[in-house]
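Reader: I would like to learn how to read a few features of a protein model. Please go through them one at a time.

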Amino acid sequence: MNSKNYNPIEEVLEKVKSKGGWVNAHSHLDRAYSLTPDTFALSNSYLKEKWHLVDDMKRNSSVDDIYFRMEKAITYMLEQGAQAIGSFIDCDEVIEDRSIQAAQRLKDNYGKDIEIRFANQVLKGVIDPKARQWFDLSSDFVDIIGGLPAKDFGREDEHLDILLSTAKAKNKLVHVHVDQFNTDEEKETEQLARKTIEHGMQGKVSAVHSISVAAHPRKYRFELYDLIKEADMHIISCPTAWIDHNRTERLAPSHNSVTPVDEMIPRGINVAFGTDNINDIYKPFSDGHLLTELRVMLESCHFYDVDKLAEIATDNGLKALGIKK
């Protein structure tokens, strides 16, 4: 009888290490560690309220403040053995270009230690003239064009057209926050996939979150997976960012508020993962621990394929960030 204990987590960690280390495909480094005793109470606010509530923090942050937060987060990623990270950074009329300045300093100081890819966070949308001005300015700096169609509610198609046409003209990737509210009313992942095909951007677009996919009936989900494959679109899951979704009385298929990785991976979809926000009003208790993110993903989705988990944590993230070894 073989009494040797088998620990699959240890095997995953060994495989992650052999593949060069963790890849955190989605974060917000410029907001990391920005929580204060005074702002902690804001953590219970609704997501769309938080889009505005961060303005005071942004307004009062100097380039040095932002850099300090980013450096603290990147140091923790390096301590965990991360090889690459993707981070959205704010750029709008509130914070202006201060996150860009801090991001450039971070690349200058740590770019040799870890691959860093930045995307522009468009919390003011991209259609309002002032918001568009800052979107255009930041699009020249970032590696990845970022999007949040829900910020231009009612004009989501126009929002996506601006993102994708800009990225195509500048030969850049696109990462878009979609389907964040865990409801079958949302079909943003489908919308993004169709727009990806329309603009001929197959293979260059990532959907970040896509948790509402799990709220839809099986027939819709699997038709959507075929569409995602046709668009050659990447999916980035941030497990602990959405596991806290409030319960509702709305009827839906039984599911967790996590990207349905267990269905996507077998369909041949490239799924990566990330930490999302760290210790701010969005996620006050999040500490940026990458193994925790992977654990929450595999447990909530009951996905126990060791090789695939290691790929999600490494190679798949490199693909989503456009990094070639």
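This is a predicted model: local features need pLDDT of at least 70, side-chain atom pairs count only at pLDDT 80 or more; totals for chains, interfaces and linings use all residues.

Reader: How far apart are the end C-alpha atoms of helix α7?

Author: The expected span of a helix is 1.5 Å times one less than its number of residues. Helix α7 has 15 residues (156-170), so it should span 21 Å, and its end C-alpha atoms are 21 Å apart, which agrees.

Reader: Which residues of α7 are buried, and what covers them?

Author: Buried means under 20% relative accessible area, exposed over 50%, and partly exposed in between (1.4 Å probe, protein chains only). In α7 the buried residues are E156, H159, L160, I162, L163, L164, T166 and A167. Their cover includes helices α6 (129-141) and α8 (188-198), along with strands β4 (144-147), β5 (173-178) and β6 (205-209).

Reader: How many residues does the largest nonpolar core have?

Author: A nonpolar core is a set of buried Ala, Val, Leu, Ile, Met, Phe, Trp, Tyr and Cys residues joined through side-chain atoms within 4.5 Å. The largest has 89 residues, and W22, M70, L106 and M233 have the most contacts inside it. A second, separate core of 9 residues includes V23, F88, L173 and L321.

Reader: How many salt bridges does the structure hold?

Author: A salt bridge is a side-chain nitrogen of Lys or Arg within 4 Å of a carboxyl oxygen of Asp or Glu. The structure holds 24 of them. In one, D315 and K19 meet at 3.0 Å, N to O. This pair links distant parts of the chain, 296 residues apart: D315 lies in helix α14 (residues 315-321), and K19 in the loop between α1 (8-18) and β1 (22-27).

Reader: Is K58, which bridges to D55, buried or exposed?

Author: K58 counts as buried because its relative accessibility is 0%. D55 is also buried, at 11%. The closest N and O atoms of their salt bridge are 3.6 Å apart. A network of salt bridges links D55, K58, D92 and K124.

Definitions and conventions. Residues are numbered from 1 along each chain as its sequence is written. Side-chain values use heavy atoms; hydrogens and water are left out. Helices (H or I, at least four residues) and strands (E, at least two) are DSSP runs, numbered from the N terminus. Contact means heavy atoms within 4.5 Å.
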